[in-house]
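Please keep the model open while reading.

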Amino acid sequence: MPSSQPSQPPDPATTPPWRLLLAYVRPHRWTLLLGAVLSLLTGAAGLALPLVARSLIDDLGHDRAIAGTLLIMSGLVVANAAIGALGSYVLRYTAESVVLGARRGLVSHLLRLRIAAVDRSEPGDLMARITSDTTLLREVTTDSLVGLGTGGLTLVATLALMGFVDPVLTAVTLGVVVCAGTVIGVIVPRINRASRRAQDAVGAMGASLERTLGALRTIKASGAEHREERAVHAAAEESWRQSVRAAKWSALAGNTAGLSMQIAFITVLAVGGARVATGAVDIGTLVAFLLYVFYLMAPIQQVVGAVAQYQTGSAALARIEEARLLPAEPAAEPAPLPGPGAEPASVAFEDVRFRYADDLPYVHHGVTFTVPPRGMTAFVGPSGAGKTTVFSLIERFYDPDGGTIALDGRDLTEWEVSTLRSAIGYVEQDAPVLSGSLRDNLLLGNPDADEDELLRALKTTRLDTLVDRLPKGVDTLVGHRGTKLSGGERQRVAIARALLRRPRLLLLDEATSQLDAVNEAVLRDTVTDVARTTTVLVVAHRLSTVTMADRIVVMDAGQVRAVGTHRELVAGDPLYAELAATQFLAADDDTRTPEPEPEPQPEPATAAESI
Ligand code: ADP
Ligand code: MG
């Protein structure tokens with residue numbers, strides 16, 4: 001089995017579609033060649049028939065026995081059918097392999113896309129490129145490549161044989177074919193344009209659908225079904241319109257070819273009849289020639305079909321190539337997890353400047369802080385300050401535009417991305433849960449964790465009671481994006497998933513925001529416990545978490561305003577003091593906080609009281 005990965009084309013941006021196609025076909029060139037040869041053999045067997053027919057007529061005319069000739073004819077017909085069937089199977093097999101190769105290549109690429117590229121793409125459209133566009137390669141491989149090859153060869157061979165039978169009639173036929181070819185040449189580019197638009201519309205439909213189905217509750221709650229329906233319908237109709245347009249041009253091209261052959265047939269009949277009358281050719285020759293004209297039909301249809309199909313295929317190829325050109329991370333072997341007892345990590349940001357795209361404002365304007373190994377560091381600051389962005393940069397979802405980020409004193413760019421990420425457990429702000437079972441979700445970050453570890457993680461995140469309640473325990477399906485779980489449960493699943501990795505660096509982004517007070521307190525203890533052996537960074541939303549932190553990094557508008565303990569910051573940083581006094585205080589009144597909030601001094605007795 002040849003490798004299904006297409007080889008990398010040299011410079012895909014400027015590579016013409018046929019070279020891209022050849023790159024996909026190259027791994028399967030031998031099977032393709034076999035299929036093509038078998039098709040050619042069928043064609044050749046077919047071509048021999050008129051000659052045999054001529055000798056049959058000859059034999060009849062001269063009262064010779066025809067049994068041998070008839071036998072040869074039947075043999076040819078049977079061989080033709082058998083080889084034809086085998087040939088079309090081999091070709092279809094190859095075409096499916098080309099589609100598989102394209103799909104595998106594209107999926108591997110898309111899974112490694114840089115997050116910045118994902119931000120710019122519509123997942124639904126990318127999905128359409130993998131499912132729908134690659135399918136079009138099937139036809140382009142068989143119909144187009146092979147059709148052009150075998151059809152072209154058969155065409156040339158047939159014309160040569162025709163020339164051998166009668167050059168004058170061949171010239172007549174050629175004249176008609178050239179006229180038809182010119183018309184088809186004008187039609188063909190229109191097929192390409194329409195196909196491209198049709199496939200783009202399929203992509204738009206995928207994007208629309210993904211947007212709608214991915215947020216169906218919101219759409220229903222907003223009463224927006226009709227508007228969304230219109231958007232998806234519009235994309236579907238556009239694809240229909242363009243496909244119909246492509247079909248129209250294809251049909252026209254095919255019919256022009258068919259018509260030209262009819263014209264050739266009639267012309268040959270007329271000119272040939274005249275030549276028979278003058279005695280220039282005998283009747284057997286005319287019959288043979290007419291049979292050739294008849295046989296010319298198939299290869300010509302094949303070539304025209306190939307050219308038309310190639311236009312559709314190259315539109316799809318262009319869309320596949322666009323996706324393959326999106327920047328991706330280098331493919332690497334999955335790195336082993338650090339395992340128990342691994343040293344906790346240190347993190348350092350040094351004057352980091354970052355923006356999400358060249359046309360967007362800077363989100364980090366020189367962020368600097370250091371986090372030593374072990375202990376808990378809390379990030380606080382107003383929403384939009386750039387806290388989540390800090391975590392994204394540590395995970396190397398993005399690269400900073402200036403400054404350096406180091407883990408264990410080593411610049412992130414010197415780390416292999418998979419090794420870097422294997423050291424980290426990350427609980428994202430919206431605690432994503434994937435469709436599948438609870439177990440799948442928990443083991444996502446560490447598929448090798450054993451049952452004991454799993455149970456322990458469930459216990460520490462207080463998911464054990466939930467699991468006991470569920471009909472199938474940890475094997476219960478959680479629904480698309482975990483919709484069958486509550487927000488707090490999703491957060492705990494995400495935390496358990498991160499803990500199971502036994503990371504050297506744990507990133508928690510408002511990971512307990514949706515928990516009730518009891519569960520929150522339990523998880524706070526868990527995290528405090530983890531922080532004894534691991535470096536923990538938390539984006540905190542509750543004072544209780546912040547006051548337990550070893551250090552607090554106060555961020556505002558893409559900069560670090562201050563770093564210190566709760567007590568230092570309340571005294572020294574007005575923004576922190578304000579945040580602490582309003583946002584945090586309202587949420588919690590935890591008695592275990594080592595640094596109790598400075599109570600507002602009682603007002604001096606009011607006039608009313610003193611009366
Ligand atoms: P925080 O977590 O402190 O609330 P974030 O780090 O999430 O803030 O975001 C900081 C800023 O960056 C915000 O203004 C937000 O709009 C912007 N931002 C966040 N993610 C992206 C993204 N993927 N593309 C473009 N802008 C983004
Ligand atoms: Mg955030």
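Is Arg64 buried, partly exposed or exposed? Arg64 is partly exposed, with a relative accessible area of 46%. Buried means under 20% relative accessible area, exposed over 50%, and partly exposed in between (1.4 Å probe, protein chains only).

This is a predicted model: local features need pLDDT of at least 70, side-chain atom pairs count only at pLDDT 80 or more, and totals for chains, interfaces and linings use all residues. Residues are numbered from 1 along each chain as its sequence is written, chains are lettered from A and ligands numbered from 1 in the order in which they are written, and side-chain values use heavy atoms, with hydrogens and water left out.

**Salt bridges**

- A salt bridge is a side-chain nitrogen of Lys or Arg within 4 Å of a carboxyl oxygen of Asp or Glu. The count by this rule is 29.
- Arg64 pairs with Asp59, with closest N and O atoms 3.1 Å apart. Asp59 is buried at 9% relative accessibility.
- Arg439 bridges to Asp475 at 2.9 Å between the closest N and O atoms. Arg439 sits in helix 12, and Asp475 in the loop between helix 14 (464-469) and helix 15 (487-500), 36 residues apart. Helices (H or I, at least four residues) and strands (E, at least two) are DSSP runs, numbered from the N terminus.
- Arg502 and Glu453 meet at 2.4 Å, N to O. Arg502 lies in the loop between helix 15 and strand 7 (505-509) and Glu453 in helix 13 (residues 451-460), so this pair ties together parts 49 residues apart in sequence.
- Glu453 counts as buried at 12%, whereas Arg502 is partly exposed at 33%.
- Shared partners join Asp125, Arg129, Asp133, Arg196, Asp200, Arg319 and Glu322 into one salt-bridge network.

- Thr388 is in helix 10 (residues 387-394), and Gln429 is in the loop between strand 6 (424-427) and helix 12 (438-442), 41 residues apart.
- Thr388 is partly exposed at 27% relative accessibility, and Gln429 is partly exposed at 39%.

**Nonpolar patch**

- Trp30, Leu33, Val37 and Leu41 make a nonpolar surface patch of about 430 Å². Patches are made of residues with over 30% relative accessible area and no salt bridge: like charges are joined within 9 Å, nonpolar side chains (Val, Leu, Ile, Met, Phe, Trp, Tyr) within 5 Å. Accessible areas come from the Shrake-Rupley method with a 1.4 Å probe; for residues, only the protein chains shown count as cover.
- Trp30, in helix 2 (residues 29-61), is exposed at 62%.
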